[in-house]
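I have a sequence and a model open, and I want some notes on how the pieces pack. Jotting things down as I look them up.

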Amino acid sequence: MANKTKHIAIYGKGGIGKSTTTSNISAALAEAGYRVIQIGCDPKSDSTNTLRGGDYLPTVLDSLREGAEVRIEDVSVIGYKGVLCIEAGGPVPGVGCAGRGINAAITLLQELELFETFSPDIVLYDVLGDVVCGGFAVPIREGITDKVYVVTSSDFMAIYAANNLFRAISKYAPTGGAQLGGIIANSVQTAYAKPLIDDFAQRTNAKVVGYVPRSSVVAQSELHGRTVLEANPTSPQADVYRELARYIIEDTQSTLPSPLGVTRLRDWAKEWGDKILRIEAQDTGNYAGENI
Ligand code: ADP
Ligand code: MG
(Lines give C-alpha, C1' and ligand atoms only; values in the text may rest on other atoms or scores of the structure.)
(Ligands and ions follow the chains in the order given, each with its own letter.)
Protein backbone atom coordinates (compact mmCIF):
# COMPACT_ATOMS: atom_id res chain seq x y z
CA MET A 1 0.00 0.00 0.00
CA ALA A 2 1.39 3.40 -0.96
CA ASN A 3 0.02 5.15 2.13
CA LYS A 4 2.51 6.19 4.78
CA THR A 5 2.62 3.88 7.80
CA LYS A 6 0.93 5.36 10.86
CA HIS A 7 2.90 5.02 14.07
CA ILE A 8 0.56 5.35 17.03
CA ALA A 9 1.36 5.16 20.74
CA ILE A 10 -1.21 4.13 23.33
CA TYR A 11 -0.20 5.34 26.79
CA GLY A 12 -1.80 5.16 30.21
CA LYS A 13 -1.42 4.13 33.80
CA GLY A 14 -0.54 0.50 34.55
CA GLY A 15 -3.60 -1.74 34.71
CA ILE A 16 -5.89 0.80 33.07
CA GLY A 17 -6.56 -1.37 30.02
CA LYS A 18 -3.90 -0.30 27.48
CA SER A 19 -3.05 -3.80 26.30
CA THR A 20 -6.67 -4.92 26.20
CA THR A 21 -7.70 -1.85 24.22
CA THR A 22 -4.66 -1.92 21.92
CA SER A 23 -5.01 -5.64 21.15
CA ASN A 24 -8.68 -5.28 20.34
CA ILE A 25 -7.93 -2.30 18.10
CA SER A 26 -5.20 -4.33 16.35
CA ALA A 27 -7.58 -7.26 15.91
CA ALA A 28 -10.31 -4.98 14.55
CA LEU A 29 -7.92 -3.35 12.09
CA ALA A 30 -6.57 -6.72 10.94
CA GLU A 31 -10.13 -7.95 10.52
CA ALA A 32 -10.80 -4.89 8.31
CA GLY A 33 -7.85 -5.86 6.10
CA TYR A 34 -5.07 -3.60 7.41
CA ARG A 35 -1.50 -4.76 7.99
CA VAL A 36 -0.81 -4.25 11.68
CA ILE A 37 2.20 -4.46 14.00
CA GLN A 38 1.69 -4.25 17.77
CA ILE A 39 4.75 -3.56 19.90
CA GLY A 40 4.43 -3.98 23.66
CA CYS A 41 6.60 -1.38 25.39
CA ASP A 42 5.85 -2.35 28.96
CA PRO A 43 8.27 -4.37 31.08
CA LYS A 44 5.27 -6.64 31.88
CA SER A 45 5.69 -8.00 28.32
CA ASP A 46 2.08 -9.17 28.09
CA SER A 47 0.78 -6.66 25.57
CA THR A 48 0.07 -9.10 22.76
CA ASN A 49 -0.97 -12.16 24.82
CA THR A 50 -4.56 -12.28 23.63
CA LEU A 51 -3.54 -11.81 19.98
CA ARG A 52 -1.35 -14.89 19.94
CA GLY A 53 -3.30 -17.35 22.05
CA GLY A 54 -0.53 -17.56 24.61
CA ASP A 55 2.20 -18.67 22.14
CA TYR A 56 5.65 -18.18 23.61
CA LEU A 57 7.33 -15.00 22.40
CA PRO A 58 10.88 -14.07 23.49
CA THR A 59 11.23 -10.34 24.15
CA VAL A 60 13.58 -8.15 22.12
CA LEU A 61 15.59 -7.24 25.21
CA ASP A 62 15.98 -10.84 26.37
CA SER A 63 17.18 -11.79 22.89
CA LEU A 64 19.60 -8.86 22.79
CA ARG A 65 20.97 -9.87 26.20
CA GLU A 66 21.68 -13.37 24.95
CA GLY A 67 24.23 -11.70 22.71
CA ALA A 68 23.66 -13.62 19.48
CA GLU A 69 22.51 -11.82 16.36
CA VAL A 70 18.77 -11.11 16.61
CA ARG A 71 16.51 -11.60 13.60
CA ILE A 72 12.92 -10.33 13.33
CA GLU A 73 11.59 -13.87 13.21
CA ASP A 74 13.26 -14.58 16.58
CA VAL A 75 11.32 -11.83 18.35
CA SER A 76 7.96 -11.78 16.59
CA VAL A 77 4.91 -13.99 16.21
CA ILE A 78 2.15 -13.69 13.66
CA GLY A 79 -1.02 -13.45 15.68
CA TYR A 80 -4.74 -13.13 15.07
CA LYS A 81 -5.57 -12.30 11.43
CA GLY A 82 -1.90 -11.64 10.70
CA VAL A 83 -1.10 -9.03 13.38
CA LEU A 84 2.68 -9.05 13.88
CA CYS A 85 3.27 -9.21 17.64
CA ILE A 86 6.46 -7.98 19.33
CA GLU A 87 7.34 -7.42 23.01
CA ALA A 88 10.18 -5.01 23.76
CA GLY A 89 10.61 -6.58 27.19
CA GLY A 90 12.12 -5.21 30.35
CA PRO A 91 15.30 -5.00 32.35
CA VAL A 92 16.53 -7.75 34.63
CA PRO A 93 14.45 -7.06 37.78
CA GLY A 94 16.35 -4.77 40.10
CA VAL A 95 18.92 -3.91 37.47
CA GLY A 96 18.82 -1.50 34.55
CA CYS A 97 16.30 0.98 33.24
CA ALA A 98 13.06 -0.16 31.58
CA GLY A 99 12.79 3.03 29.59
CA ARG A 100 16.26 2.68 28.11
CA GLY A 101 15.27 -0.84 27.13
CA ILE A 102 12.43 0.49 25.00
CA ASN A 103 14.89 2.68 23.18
CA ALA A 104 17.22 -0.28 22.52
CA ALA A 105 14.34 -2.44 21.29
CA ILE A 106 12.93 0.15 18.89
CA THR A 107 16.40 1.00 17.58
CA LEU A 108 16.97 -2.68 16.80
CA LEU A 109 13.63 -3.00 14.95
CA GLN A 110 14.57 0.05 12.89
CA GLU A 111 18.03 -1.33 12.12
CA LEU A 112 16.48 -4.61 11.02
CA GLU A 113 14.28 -2.56 8.66
CA LEU A 114 11.14 -4.18 10.04
CA PHE A 115 8.88 -1.37 8.89
CA GLU A 116 10.24 -1.42 5.33
CA THR A 117 9.99 -5.21 5.02
CA PHE A 118 6.61 -5.77 6.63
CA SER A 119 5.20 -2.48 5.22
CA PRO A 120 2.41 -2.14 7.79
CA ASP A 121 -0.45 0.30 7.49
CA ILE A 122 -0.20 0.94 11.20
CA VAL A 123 2.18 0.23 14.08
CA LEU A 124 0.66 0.40 17.56
CA TYR A 125 3.05 0.92 20.50
CA ASP A 126 1.50 -0.09 23.84
CA VAL A 127 3.49 1.96 26.37
CA LEU A 128 3.40 2.11 30.15
CA GLY A 129 2.66 5.68 31.18
CA ASP A 130 2.92 5.75 34.98
CA VAL A 131 6.29 7.40 34.93
CA VAL A 132 7.11 9.41 31.87
CA CYS A 133 10.85 9.29 32.47
CA GLY A 134 13.15 9.92 29.52
CA GLY A 135 13.05 6.25 28.51
CA PHE A 136 9.29 5.80 28.54
CA ALA A 137 9.00 9.10 26.65
CA VAL A 138 11.12 7.73 23.78
CA PRO A 139 8.14 6.82 21.56
CA ILE A 140 6.74 10.35 22.03
CA ARG A 141 9.98 12.24 21.97
CA GLU A 142 12.06 11.19 19.07
CA GLY A 143 9.64 11.28 16.17
CA ILE A 144 9.03 7.52 16.46
CA THR A 145 5.27 7.90 16.74
CA ASP A 146 3.11 10.51 15.03
CA LYS A 147 0.33 10.51 17.52
CA VAL A 148 -0.55 9.45 21.05
CA TYR A 149 -3.84 8.24 22.49
CA VAL A 150 -4.11 8.16 26.24
CA VAL A 151 -6.25 5.53 27.96
CA THR A 152 -7.87 6.64 31.20
CA SER A 153 -10.75 5.70 33.42
CA SER A 154 -12.49 8.13 35.74
CA ASP A 155 -10.15 7.14 38.60
CA PHE A 156 -8.05 10.02 39.79
CA MET A 157 -4.73 8.17 39.55
CA ALA A 158 -5.43 7.37 35.91
CA ILE A 159 -6.37 11.00 35.21
CA TYR A 160 -3.23 12.10 37.06
CA ALA A 161 -1.11 9.85 34.81
CA ALA A 162 -2.92 11.18 31.72
CA ASN A 163 -2.19 14.74 32.80
CA ASN A 164 1.51 13.86 33.21
CA LEU A 165 1.53 12.38 29.72
CA PHE A 166 0.02 15.61 28.42
CA ARG A 167 2.92 17.43 30.03
CA ALA A 168 5.41 15.23 28.17
CA ILE A 169 3.53 15.63 24.87
CA SER A 170 3.27 19.40 25.17
CA LYS A 171 6.98 19.58 25.98
CA TYR A 172 8.21 17.52 23.02
CA ALA A 173 5.59 18.17 20.31
CA PRO A 174 6.97 21.60 19.29
CA THR A 175 10.35 20.02 18.48
CA GLY A 176 9.10 17.12 16.37
CA GLY A 177 7.58 14.89 19.05
CA ALA A 178 4.20 13.20 18.76
CA GLN A 179 0.93 15.11 18.95
CA LEU A 180 -2.12 14.10 20.96
CA GLY A 181 -4.77 12.12 19.09
CA GLY A 182 -7.03 12.09 22.12
CA ILE A 183 -8.32 10.24 25.14
CA ILE A 184 -9.76 6.73 25.12
CA ALA A 185 -12.16 6.51 28.07
CA ASN A 186 -12.02 2.95 29.37
CA SER A 187 -14.05 0.99 31.92
CA VAL A 188 -16.89 3.46 31.71
CA GLN A 189 -19.47 2.17 34.13
CA THR A 190 -20.68 4.74 36.66
CA ALA A 191 -22.98 7.64 35.84
CA TYR A 192 -20.23 10.17 36.56
CA ALA A 193 -17.42 8.53 34.53
CA LYS A 194 -18.30 10.10 31.20
CA PRO A 195 -18.96 13.66 32.45
CA LEU A 196 -15.79 13.56 34.59
CA ILE A 197 -13.55 12.42 31.72
CA ASP A 198 -15.26 14.85 29.30
CA ASP A 199 -14.63 17.71 31.70
CA PHE A 200 -10.95 16.79 32.11
CA ALA A 201 -10.63 16.58 28.30
CA GLN A 202 -12.26 19.94 27.78
CA ARG A 203 -9.97 21.64 30.30
CA THR A 204 -6.83 20.15 28.78
CA ASN A 205 -7.67 20.75 25.10
CA ALA A 206 -8.04 17.04 24.45
CA LYS A 207 -10.70 15.14 22.59
CA VAL A 208 -12.36 11.94 23.84
CA VAL A 209 -12.20 9.65 20.82
CA GLY A 210 -14.07 6.70 22.28
CA TYR A 211 -15.90 5.41 25.34
CA VAL A 212 -15.28 1.75 26.14
CA PRO A 213 -17.74 0.32 28.67
CA ARG A 214 -16.61 -1.89 31.50
CA SER A 215 -17.81 -5.31 30.40
CA SER A 216 -17.53 -8.88 31.60
CA VAL A 217 -17.18 -9.88 27.95
CA VAL A 218 -13.64 -8.45 28.20
CA ALA A 219 -12.86 -10.62 31.22
CA GLN A 220 -14.43 -13.69 29.65
CA SER A 221 -12.43 -13.25 26.43
CA GLU A 222 -9.22 -12.65 28.39
CA LEU A 223 -9.79 -15.83 30.40
CA HIS A 224 -10.03 -17.67 27.09
CA GLY A 225 -6.73 -16.04 26.08
CA ARG A 226 -8.35 -14.15 23.18
CA THR A 227 -9.35 -10.65 22.20
CA VAL A 228 -13.04 -9.76 22.32
CA LEU A 229 -12.92 -9.54 18.53
CA GLU A 230 -11.94 -13.19 18.31
CA ALA A 231 -13.84 -14.68 21.27
CA ASN A 232 -17.04 -12.63 21.06
CA PRO A 233 -17.09 -11.12 17.56
CA THR A 234 -20.83 -10.40 17.54
CA SER A 235 -20.93 -8.71 20.96
CA PRO A 236 -21.67 -4.97 21.31
CA GLN A 237 -18.23 -4.66 22.99
CA ALA A 238 -16.56 -5.93 19.79
CA ASP A 239 -18.38 -3.20 17.86
CA VAL A 240 -17.10 -0.58 20.30
CA TYR A 241 -13.53 -1.66 19.49
CA ARG A 242 -14.28 -1.76 15.75
CA GLU A 243 -15.55 1.81 15.88
CA LEU A 244 -12.53 2.95 17.87
CA ALA A 245 -10.19 1.21 15.41
CA ARG A 246 -11.90 2.87 12.46
CA TYR A 247 -11.59 6.24 14.16
CA ILE A 248 -7.86 5.76 14.80
CA ILE A 249 -6.95 4.56 11.30
CA GLU A 250 -8.90 7.42 9.69
CA ASP A 251 -8.08 10.15 12.21
CA THR A 252 -6.18 13.06 10.67
CA GLN A 253 -6.56 15.47 13.59
CA SER A 254 -4.30 16.08 16.53
CA THR A 255 -4.00 18.67 19.26
CA LEU A 256 -1.42 20.08 21.59
CA PRO A 257 -2.76 19.33 25.06
CA SER A 258 -2.69 21.92 27.83
CA PRO A 259 -2.04 19.94 31.04
CA LEU A 260 -3.34 21.25 34.35
CA GLY A 261 -0.83 22.51 36.91
CA VAL A 262 -0.51 20.52 40.13
CA THR A 263 -2.67 22.86 42.22
CA ARG A 264 -5.28 23.26 39.51
CA LEU A 265 -5.51 19.48 39.11
CA ARG A 266 -5.96 19.03 42.85
CA ASP A 267 -8.70 21.68 42.99
CA TRP A 268 -10.40 20.14 39.97
CA ALA A 269 -10.33 16.73 41.67
CA LYS A 270 -11.92 18.18 44.81
CA GLU A 271 -14.70 19.79 42.77
CA TRP A 272 -15.43 16.39 41.27
CA GLY A 273 -15.21 14.77 44.68
CA ASP A 274 -18.18 16.93 45.63
CA LYS A 275 -20.06 16.20 42.44
CA ILE A 276 -19.84 12.47 41.91
CA LEU A 277 -22.20 11.29 44.62
CA ARG A 278 -24.77 13.83 43.50
CA ILE A 279 -24.52 12.55 39.93
CA GLU A 280 -24.91 8.96 41.16
CA ALA A 281 -27.92 10.03 43.22
CA GLN A 282 -29.58 11.62 40.17
CA ASP A 283 -28.96 8.37 38.39
CA THR A 284 -30.19 6.04 41.13
CA GLY A 285 -32.35 8.34 43.26
CA ASN A 286 -30.21 7.43 46.26
CA TYR A 287 -27.75 10.01 47.68
CA ALA A 288 -25.14 8.29 49.83
CA GLY A 289 -23.08 11.43 50.51
CA GLU A 290 -25.20 13.01 53.25
CA ASN A 291 -23.74 10.93 56.05
CA ILE A 292 -20.08 11.17 55.06
P1 ADP B 1 -2.61 -2.39 31.11
O2 ADP B 1 -2.12 -2.93 29.82
O3 ADP B 1 -2.96 -0.93 31.05
O4 ADP B 1 -1.69 -2.68 32.26
P5 ADP B 1 -4.63 -4.44 30.81
O6 ADP B 1 -5.08 -4.19 29.40
O7 ADP B 1 -3.73 -5.58 31.05
O8 ADP B 1 -3.99 -3.12 31.44
O9 ADP B 1 -5.97 -4.55 31.67
C10 ADP B 1 -5.96 -4.80 33.05
C11 ADP B 1 -7.18 -5.65 33.41
O12 ADP B 1 -8.38 -4.89 33.20
C13 ADP B 1 -7.31 -6.90 32.54
O14 ADP B 1 -7.65 -7.99 33.34
C15 ADP B 1 -8.42 -6.55 31.56
O16 ADP B 1 -9.15 -7.67 31.15
C17 ADP B 1 -9.28 -5.60 32.39
N18 ADP B 1 -10.00 -4.65 31.52
C19 ADP B 1 -9.48 -3.71 30.72
N20 ADP B 1 -10.44 -3.01 30.07
C21 ADP B 1 -11.63 -3.52 30.48
C22 ADP B 1 -13.02 -3.25 30.18
N23 ADP B 1 -13.37 -2.28 29.32
N24 ADP B 1 -13.96 -4.02 30.79
C25 ADP B 1 -13.62 -4.99 31.67
N26 ADP B 1 -12.34 -5.30 31.99
C27 ADP B 1 -11.35 -4.57 31.41
MG1 MG C 1 -0.35 -3.90 29.43
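First entry: how are H7 and H11 oriented to each other, roughly parallel or roughly antiparallel? Before answering, a reminder to myself that this is a predicted model.

I looked up the two axes. Helix H7 covers residues 193–203 and helix H11 covers residues 262–284, and their axes come within 11 Å and cross at roughly 155°. Angles over 145 degrees count as roughly antiparallel, so H7 and H11 are roughly antiparallel to each other. I also checked the hand, and the crossing of H7 and H11 is right-handed.

Next I listed who touches whom. From H7 I get Pro195, Leu196, Asp199, Phe200 and Arg203. On the H11 side they meet Arg264, Leu265, Trp268, Glu271, Trp272, Ile276 and Ile279. Sorting the residues of this contact gives me eight nonpolar, four charged and no polar ones.

I count eight strands in an open sheet, in the order E3-E4-E2-E5-E1-E6-E7-E8, with mixed pairing. The edges are strand E3 (76–78) and strand E8 (208–213), each of which pairs on one side only. From one strand to the next, the twist averages 20°.

I then looked for what lies against the sheet. Helix H1 (residues 18–31) packs on it, and I find H1 touching strand E1 (6–12), E2, E5, strand E6 (147–152) and strand E7 (179–188). The direction of H1 makes about 170° with that of E5.

Is it enclosed or open? Six of its six residues are buried, so E2 is largely enclosed by the rest of the structure. I sorted the side chains by direction: Val36, Gln38 and Gly40 point one way, while Ile37, Ile39 and Cys41 point the other, and all are buried.

Which strands does E2 pair with? I find six bridges to strand E5 (residues 122–128), running parallel. To strand E4 (residues 84–87) I find four bridges, and that pair runs parallel as well.

Last, I followed isoleucine 39 to both neighbours. Its bridge partner in E5 is tyrosine 125, and its bridge partner in E4 is isoleucine 86. Isoleucine 37 stands opposite leucine 84 in E4.

Notes
Residues are numbered from 1 along each chain as its sequence is written. Chains are lettered from A and ligands numbered from 1 in the order in which they are written. This is a predicted model: local features need pLDDT of at least 70, side-chain atom pairs count only at pLDDT 80 or more; totals for chains, interfaces and linings use all residues. Side-chain values use heavy atoms; hydrogens and water are left out. Axes are lines fitted to C-alpha atoms, for helices over the stretch in contact, and angles run from 0 to 180 degrees between N-to-C directions. Helices (H or I, at least four residues) and strands (E, at least two) are DSSP runs, numbered from the N terminus. Angles under 35 degrees count as roughly parallel, over 145 as roughly antiparallel, 65 to 115 as roughly perpendicular and the rest as oblique. A crossing is left-handed if the near helix is turned anticlockwise from the far one by less than a right angle, and right-handed if clockwise. Contact means heavy atoms within 4.5 Å. Ala, Val, Leu, Ile, Met, Phe, Trp, Tyr, Cys and Pro count as nonpolar, Asp, Glu, Lys and Arg as charged, and the others, Gly among them, as polar. Buried means under 20% relative accessible area, exposed over 50%, partly exposed in between (1.4 Å probe, protein chains only). Two strands pair if DSSP finds at least two bridges between them.
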